[in-house]
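Have a look at it first, and then we can go through the points together.

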Amino acid sequence: MKVSAQRLHTCIQTILESTGESRENAGIAADLMVKCDMRGGSTHGSHMLNLIYARRKVGQLSFPTKIETIREDGAVAVLDGGDGLGQVAVWHMAELAVQKAKRYGVSAVLLRRTNNAGALGPYVERVAEEGMVCLLFCNASPAMAPWGGRTQFFGTQPFAIGIYTGTDTIFSADMATAQVARGKIRKAARDHKEIPSTWALDRSGEPTTDPVEAIKGILLPIGGPKGSAIALAIDIVAGLISGSSYAPDVKAIHYPEGEAGVGCGMIALNIEHFMDMQTYLRQISLYLSRVKAVEKAKGVEEILLPGETKQRRERLAAQDGVDLPEEEFVGINQALTELKQNVQLEPLELPLLYRAEKGRKN
């Protein structure tokens, strides 16, 4: 169903504030969750809110989120997320990375003791829009095995790269080191749908199309041993070096198992410290136009940059409303009712012509 982005934001912020988060932090998290929903990624948007609310009801997650600086030396820093909202901690991390890269040309910030931050694209885009290149990576609860193993040892270890382009479209590649983000497998399980047999192995080490068995087994890495190597490297830097949890010690947000201990790392490069910005803008414009002009494969209408589809979808949702799965819609209203809040999330009224057209198609 479609809902208003502004109304969705109000409801998310209300829930977070009502469970102990500060107004400023709740606003940051609501911004990021709504953005994910607008881009068609509710698994990293409103679904995250329902998980956060469930954890708060059993006394987990520390609100209000408090970020502490553990170490700081020139272009580098180590932050502690205080077991609060991952969205708030990583946003703070991005802001600090920007400040330092503006001064030093480069910056490297590590973050310990936080929680799932949702999709990583919005954070690297925030840094990139300042005329920068940004790399962000996080560890996660166990879902994959080192190459050759079949026991869950480390997470899907998401990472993202953002690059300033001088246009409305920011290069934004956001991916997991697994064949697919685990959230998609969890959603397939909720929807009682099969998954491709190339995504995961069951507990006996055999390929499976059952998402429930996939979650119990292991997810397969991108590029075989190459993806496994990247996942291990992320765990070492984001988890071990940051002083956070790593390997099987990282806990999932989906279960009340205790502090998650997620760790993250961010590196930012300020382009104008490496080349004249006007020269860069001319060259990147030419480069991207050449990318777009490459001969298209059969059935392809347009060559798109990483992140371009999601950013277009976000702009459309701002005008037409956000497509929200019914389960997230119900979960939000249930939380608001339990918290005795007057505000409720409501579906957008579709124009009569649209409803008539839809009825004829059905």
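1. The axes of H3 and H11 cross at roughly 35° and come within 9 Å. Their crossing is left-handed. Please keep in mind throughout that this is a predicted model.

2. Which residues make that contact? From H3 come Ser46, His47, Leu49, Asn50, Tyr53 and Lys57, and from H11 come Glu327, Glu328, Gly331, Ile332, Ala335 and Glu338. By class, the contact of H3 with H11 has 4 nonpolar, 4 polar and 4 charged residues.

3. H1 passes H11 in a left-handed crossing.

4. On the H1 side of this second contact you will find Leu8, Cys11, Thr14 and Ile15, and they meet Ile332, Ala335 and Leu336 in H11. These residues divide into 6 nonpolar, 1 polar and no charged.

5. Next, empty space. Rolling a probe the size of a water molecule over the atoms shows where such space is left. How many cavities of 30 Å³ or more does a search of the whole structure find? The search finds 1. The largest cavity has a volume of about 40 Å³.

6. The lining of the largest cavity consists of Leu32, Met33, Cys36, His44, Gln87, Ala117, Gly118, Ala119, Pro122 and Tyr123. Helices H2 and H5 each supply at least two of its residues, and H2 gives the most, with 3. Sorted by class, this lining has 7 nonpolar, 3 polar and no charged residues.

7. The second largest pocket holds about 310 Å³ of space. It is lined by 16 residues, and Lys35, Arg39, Glu125, Glu129 and Glu314 lie nearest its centre. Helix H2 (23-38), helix H5 (121-128) and helix H10 (308-320) each supply at least two residues of the lining, with the largest share, 4 residues, coming from H2.

8. What is the make-up of that pocket lining by class? The residues of the lining of the second largest pocket divide into 5 nonpolar, 2 polar and 9 charged. For the largest cavity, by contrast, the lining has no charged residues. H2 and H5 supply residues to the lining of the cavity and to that of the pocket.

9. Finally, two spots in the backbone deserve a look. Most residues other than glycine have a negative phi, and most peptide bonds are trans. Phe63 and Pro64 are joined by a cis peptide bond, with omega about -10°.

10. You will find Asp83 in the loop between strand E3 (76-80) and helix H4 (86-104).

How values were computed. Residues are numbered from 1 along each chain as its sequence is written. This is a predicted model: local features need pLDDT of at least 70, side-chain atom pairs count only at pLDDT 80 or more; totals for chains, interfaces and linings use all residues. Side-chain values use heavy atoms; hydrogens and water are left out. A crossing is left-handed if the near helix is turned anticlockwise from the far one by less than a right angle, and right-handed if clockwise. Contact means heavy atoms within 4.5 Å. Ala, Val, Leu, Ile, Met, Phe, Trp, Tyr, Cys and Pro count as nonpolar, Asp, Glu, Lys and Arg as charged, and the others, Gly among them, as polar. On a 1 Å grid over the protein atoms alone, a cavity is a set of points where a 1.4 Å probe fits but cannot get out, and a pocket is an open set with protein on both sides within 12 Å along at least five of seven lines; lining residues have an atom within 4 Å of a point. Grid points are joined across faces, edges and corners, and a volume is the space filled by probe spheres set on the points. Axes are lines fitted to C-alpha atoms, for helices over the stretch in contact, and angles run from 0 to 180 degrees between N-to-C directions.
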